[in-house]
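Please consult the sequence and the model shown here.

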Amino acid sequence: MKKSSILAGALLAALLSSGAYAANLSIVYSSTGNETAELRKQLDRFEKETGNKVSIVAMPSSSSDNFGQYRLWLAAGNTDIDVYKTDVVWAPQLSEQFLDLTEAAKDVVDQHFPSIIESQTVDGKLVALPLYTDAPALYYRKDLLEKYKKPVPKTWDEMAATAKEIQDAERQAGNKGIYGFVFQGNAYEGLTCNALEWVKSSGGGQIVEADGTISINNPDAIAAIDRAKGWIDTISPKGALAYQEEESRGVWQTGNSVFMRNWPYAYSLSQGADSAIKGKFDVAPLPVGKEGEKSAATLGGWNLAVSKYSKSPEEAVKLALFLTAVEQQKEMAINISHLPTIKSLYDDKDIASAQPLIPLWKPVFETAVPRPSAPTKVKYNEVSSMFWSAVHDTLSGNGTAAENVEILEAKIAELQGGSW
């Protein structure tokens with residue numbers, strides 16, 4: 001071998017080891033609360049360990065807005081983005097655009113809850129790695145319930161009655177800005193989650209059932225949506241029709257709501273030093289719509305997928321594996337109350353000490369209700385959009401629940417065609 005070739009090889013090895021030839025990666029990431037700041041800390045560690053550089057492409061918290069943008073980028077074969085943070089329901093729609101992670105993750109998949117791995121597997125292809133799971137709860141002001149000698153409500157009607165009584169009494173006592181209940185009423189995916197909980201816990205089904213049957217047009221579902229309409233401008237501000245997660249949390253955390261429906265991320269923030277309600281609240285399973293029904297928390301959760309258009313696919317896969325690993329999931333659980341997807345972490349003493357909510361959440365999400373993404377497949381987002389639009393119209397006073405649900409049923413049937 002020529003001396004020049006040996007020198008060139010040595011130089012290349014030195015450059016690689018110094019990081020000069022390391023990959024520049026981008027991760028698309030939507031967040032709520034302090035999530036992006038915590039992610040940046042983990043990315044800094046990954047950069048130090050690998051020599052790669054990672055930039056965050058920040059996205060809004062609305063999952064439906066993000067999905068539309070993702071489809072545009074992926075359809076265009078965007079090579080600037082390597083890793084995508086994906087909603088649990090997106091796997092069937094986007095599977096063709098992402099790498100199969102089955103082989104890369106073969107040594108770690110058994111650490112995760114099987115149902116979550118299953119939700120991210122399409123035609124035998126592991127589309128994304130689980131990052132954290134999610135299921136909402138009823139947040140309640142335990143100080144106010146104690147003050148007015150009220151139990152934690154078990155039904156939606158009981159919640160509304162308690163909310164109204166405490167709201168009115170507090171306003172009369174001078175707390176003019178308080179409301180009874182805040183939730184996510186904007187016309188977006190979050191409203192699908194909220195309304196599915198009202199409907200399912202009232203015996204009204206899951207919009208489209210597991211066998212593909214369109215079930216939404218039934219008396220129990222209609223009654224559940226009508227019930228929620230009655231909350232607007234009585235126990236919930238009219239502005240709730242534009243609320244997403246953070247707007248709800250803003251009202252709640254400043255002490256201006258008796259109850260709130262929200263995801264686990266809001267727990268640690270509500271216990272923060274700057275929170276007006278620190279130490280004054282607790283959480284419980286969501287109420288039911290009808291005696292004998294089960295609480296119906298919508299299954300949420302986020303995952304990491306690797307774009308098939310990535311210029312550095314091997315390094316991108318390493319990044320996804322790193323962020324979804326035990327150490328990083330534990331850190332996110334402790335610091336921002338993310339629910340891990342790794343089974344063993346629910347028995348972790350450090351997590352239980354820092355976030356006592358997390359061990360209690362295991363049965364909540366193990367029995368959580370999935371959105372109908374499995375039966376509707378690639379048409380899920382259209383079904384969801386039709387559903388949340390019909391619900392939002394009803395809450396806004398544009399047509400009755402019965403009228404809007406009947407129209408919704410016809411639209412979904414037309415979308416379904418011969419089969420899903």
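Among the elements lining the second largest cavity, α13 contributes the most, with three residues. The model is predicted: local features need pLDDT of at least 70, side-chain atom pairs count only at pLDDT 80 or more, and totals for chains, interfaces and linings use all residues. Residues are numbered from 1 along each chain as its sequence is written, and side-chain values use heavy atoms, without hydrogens and water.

A cavity is a set of points, on a 1 Å grid over the protein atoms alone, where a 1.4 Å probe fits but cannot get out; a pocket is an open set with protein on both sides within 12 Å along at least five of seven lines, and lining residues have an atom within 4 Å of a point. Helices (H or I, at least four residues) and strands (E, at least two) are DSSP runs.

The second largest cavity holds about 70 Å³. Its lining includes Y29, Q42, Y132 and H338, and α2 (35-50), β6 and α13 (326-336) each supply at least two of the lining residues.

Four cavities of 30 Å³ or more are found in the whole structure. Nearest the centre of the largest cavity, among its 22 lining residues, lie S61, D134, E245, W263 and W302.

The largest pocket has 26 lining residues, with P92, S119, S373, A374 and P375 closest to its centre.

| Space | Volume |
|---|---|
| Largest pocket | about 600 Å³ |
| Largest cavity | about 300 Å³ |
| Second largest cavity | about 70 Å³ |

How values were computed:
Grid points are joined across faces, edges and corners, and a volume is the space filled by probe spheres set on the points.
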